[in-house]
Amino acid sequence: MNPYRDRRYVFGVAIILVGLVFIGRLFQIQILDKSYAQYALSNAQSVSVIYPARGLIFDRTGEIMVYNQAAYDVMVVPLLLEPFDTTELCRILSISRQSVIEKLRSARSYSYRVPSIFMKQLDYEHASLLQEKLYQYPGFYVQTRTLRKYTRPIAPHALGYVGEVDQQVLDNDPYYQLGDYIGVSGIEKAYENYLRGRKGKEVFLKDVHNQTIESYQEGRYDVPVEVGKNLTITLDSDLQEYGEELMKPYVGSIVALEPATGEVLALVSAPSYPPDLLVGRNLSRRFGELVADTLKPLFNRALMAQYPPGSTFKTLMALIGLQEQVISVSTSFHCYYGFYAGGIHTACHLHDSPLNLIEAVQNSCNTYFINVLKHILQDAKYENPAAAYDNWRRHLLSFGFTRPLGIELTNELKGNIPGSDYFNNLYGTGRWNYLTIRSLAIGQGELLITPVQMANLAATIANRGYYIKPHLVKKIEGVDLIDPEYTERHYTTIDSVNYLPVVDGMDLVVNGGKGSTARNAKVPGIVVCGKTGTAENPHGNDHSIFIAFAPKEDPKIAIAVYVENQGFGATYAAPIASLMIEKYLTGEVKRTWYEQWVMQKITSE
Amino acid sequence: MMVQRYNTAANIDWISIILCLVIIGFGWMNIYSANILEDGAGSFDMSQRYGKQLIWIGASLILAVLVFILDAKFYIYFAYVLYGIIILVLIGVLLFGREINGAKSWFVIGGFQIQPSEFAKPFTALALAGLMTSHNFSLKKFTGLLQTGLIILLPAVLILLQPDLGSTVVYFSFIFVLFREGFSANMMIMLAGLILLFFATLMIQQPLILLIITGVSLLAYLGTARSLKKTVILAVTAGALFGILYAVNKYLLDARFSLFMTGLATVVPIGLLLTVIVIRSREIRYLKILAGMCIAILFVVSVDYGMHRILKPHQQQRIYVTLGLEDDPQGVGYNVNQSKIAIGSGGFTGKGYLNGTQTKLHFVPEQSTDFIFCTVGEEWGFLGTTFVILLYVGLLLRMIVLAERQRTTFSRIFGYGFIAVLFTHFLINIGMTIGLLPVIGIPLPFFSYGGSSLWAFTIFLCIFLRLDANRLELLR
């Protein structure tokens, strides 16, 4: 026999002992101790949740952009309901008897035990009236909430909106309860954890008349409420409003950055909508209307629209050519109305010939930059054009074109610069050269870049070689440092010295004489540097593009303007950029005739 | 050799199966009550927890049949293979699992969540039984103990990494199995002592613990020497030495005693005196007291050091709260309080099925999983809770009868593995809901909501019943 067989009794005794201890303990708390039953008889505790005010949002000048207004939700817990005077309740809330019955039914079908919203966003008068009579209505209580208000009807895409939490959030984050509000998009979403604060909780004991009698266990289980943190963002309200005004007749976008810091000064996506459209009771209906709009006002073009960069891309061609030392500032190429080679012709416009690099930028000469691409791809340093191409692409990657730049708004898209394998697949390995892909040299073809990346390019050139990720946060209340991600300098693979001729070329684009492509971007008294572009659009009229920064020395603003379906960059995008720069740098636009021309010209079309 | 054919179905222990089905059925009724949205009758929604649980119960019945279809010898021959597979799965969940509530414990497959740590329990018991019945194995040998420790600790450590402290704790219950198989009773007492000492170190100030150790050592001396006179002499001498140490330090060295030094000063004299006694008497029994004392002191000091010097304050806090040593009114503490109110308000007969008011969803968050016992307490009262406890006690006692009637050590060890795990779950889960034990989130077997737990316990029980049904065929 097993020598340890007797040990089975140890197990038996232990199990019986634990059973007896449990039953004894249950006898104590269920039968002997009456205090637990007492809690139940008196409806026990009532937990009231205290909602913190959401943090305010200020612009870079300290002007308030978003604030709160109180609203009152009437909540109901069906399980705690007792028969009540329906007529009286209808009178207090000014609703019909029928709707009371319906609301109670829907609350019951949701849950008997969890509070549901009986009536949303009551005004102060009705709420205080109900509050006085609340003791007659066990099961009902009033919950204070806050609604977002906006000082100006601007920047809906950057600010985003606040809405009720959805099921997915409820499943994943225990902080949120049904009916809570959460930042759904934009800044409201990105900084939700700061803006929301922390809900507080007070636990009371109630007597049989549903009256609060005392704080439960001297507030041991209470949680103090924490007000949301205020946020200062980098937008300039005046500039933002002005940009939205200028863009009103158009579809497109404006992104303005402060080059030295990467701060976003304006983020315009047109058509736009007033942010208070998505607040309160009618949110879902209006959201539906915006979704249905064929011009897609909810689509944030500044971050999500991908266009070919057009001639603005020539600045990059010049930079890479200089860095790879396949051209120098004095390199000249002939151009007679276009580029001819191997039976291929790419048109160019009428200008002097030959041109050197700076003049080529000034005149936006197609031939010149196809020649630059030719020299880059045929560079003897590389074993074949594909290797040279990948090296060319490597330079472009350092500008951040093939990934989202990392602004806080979650919907940012990336651009596209195909790798050599793309062309290998398309044409066959070794079966393509600079001629096959010459349209890349002038910013057309497979290239795709978003407006914010384009503004970032302008900022990089303005900084002569580096950028800081564009961002919207300037200061969070109570937080000393913002994310180091937003102060780190990203240097491009192009040496600083190589930017100088490109900057000079961009100066001449605006301020040069004969052959300059954007003399209408001039701002009196300020040296603006810019470059026009036209994105070929297979679906309709080409898009008008302009990038610029100013002043030339110590730049304060870098900007990208996109106007969809309006042809050459110089025609509409350049004047808009010019007015924006004037507005930001001088505080007011003196050329009112010019802004009226911009705004009226198109509306009449 | 003649092998007598037995009818497996007739040999299945139907008593335990019926007990188990009653637990499952009653459990489901309570899950239904904790999750209904309508009052009582009306719509029945399969996407609610009670609906899903019904699916899992159905699936576990199929699982049970599958377990019975396989030959009993399969579980013996493939014990290590099954163990190996589950270890790989546990590693897999650390790499590819989904993190839910801060622990990477889950695989999510087509909307269903599977928790491998639950399934590791039966397979660890299989491997343990396999190891302990292997040729030349002995718990008295160091290698035997080492191998046993590895088999148990490997899954335990993998689960701790998730991190899931509750499930990890369960693995230590396998030590009960070792006890049944001859693991030294003194070692068990020592281990229990160390666990007590661990909690004491975290709860009580250090000098006080050292003082207690001194006291216990004196008592041990009294018990061994059986002389009150000698003990008093020892105590007085130690006291005098302490006084001298204290005075020298305070007045001559002009230093103020730290709390730690005070504690040490109470232990050192008695340690020295015991050493003298050991050397003079040359008796092993005094050496044992001295060794025990030294181990205790070293343990206390190292736990204290690890806790306060190595861990950061928030980590300390988390350990204190998890072990239930620190009040956390906003989190765990609030739940226990609500749980006690819900159970307590049930009274003798309860408020009636589906009539609970205290067990509101937002008062006790784990209403249908870890805190399901609250619903029983509130709606069925003292009668209901006693009924549930008797069911578990009955099932456990029945399991002991079954385990003891096995002819093979393998089956017995596996049976005791099931008893140990079931008992630990029962003890911790109900102990926590009625406020007797710290809150360690593990489910009530067969009762709580959750597919993984239900399936794992079904497999566990059914493998044992399968072995039991063939007990007359299986050779020693």
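The structure is a predicted model, in which local features need pLDDT of at least 70 and side-chain atom pairs count only at pLDDT 80 or more, while totals for chains, interfaces and linings use all residues. Residues are numbered from 1 along each chain as its sequence is written, chains are lettered from A and ligands numbered from 1 in the order in which they are written, and side-chain values use heavy atoms, with hydrogens and water left out.

Helices (H or I, at least four residues) and strands (E, at least two) are DSSP runs, numbered from the N terminus. Axes are lines fitted to C-alpha atoms, for helices over the stretch in contact, and angles run from 0 to 180 degrees between N-to-C directions. The axes of helix α10 (residues 237-247) and helix α20 (residues 573-586) of chain A come within 10 Å and cross at roughly 155 degrees. α10(A) and α20(A) are therefore roughly antiparallel. Residues of α10(A), including Tyr242(A) and Leu246(A), meet residues of α20(A), among them Leu579(A) and Lys583(A), where contact means heavy atoms within 4.5 Å. The charged end of Lys583(A) also sits over the ring of Tyr242(A), 5.3 Å from its centre; for this, NZ of Lys or CZ of Arg must be within 6 Å of the ring centre and within 35 degrees of the ring normal. Arg196(A) likewise lies over the face of Tyr175(A), at 3.8 Å from the ring centre.

Over all chains, the structure holds 45 aromatic pairs. Rings of Phe, Tyr and Trp (its six-membered ring) pair if their centres lie within 6.5 Å; planes under 30 degrees apart count as stacked, over 60 as edge-to-face and the rest as tilted. Tyr307(A) and Tyr562(A) form a stacked pair, with 4.6 Å centre to centre and 25 degrees between the planes. Tyr307(A) lies in the loop between α12 (301-304) and α13 (314-323) and Tyr562(A) in strand β20 (residues 557-563) of chain A, so the pair ties together parts that are 255 residues apart in sequence. Tyr307(A) is buried at 4% relative accessibility, and Tyr562(A) is buried at 1% (under 20% relative accessible area; exposed is over 50%, partly exposed in between, with a 1.4 Å probe and protein chains only).

Thr450(A), in the loop between α17 (420-427) and α18 (451-462) of chain A, is buried, with a relative accessible area of 0%. Leaving aside neighbours within four places in sequence, Thr450(A) is in contact with residues including Gln306(A) and Tyr562(A).

Notes: Angles under 35 degrees count as roughly parallel, over 145 as roughly antiparallel, 65 to 115 as roughly perpendicular and the rest as oblique.
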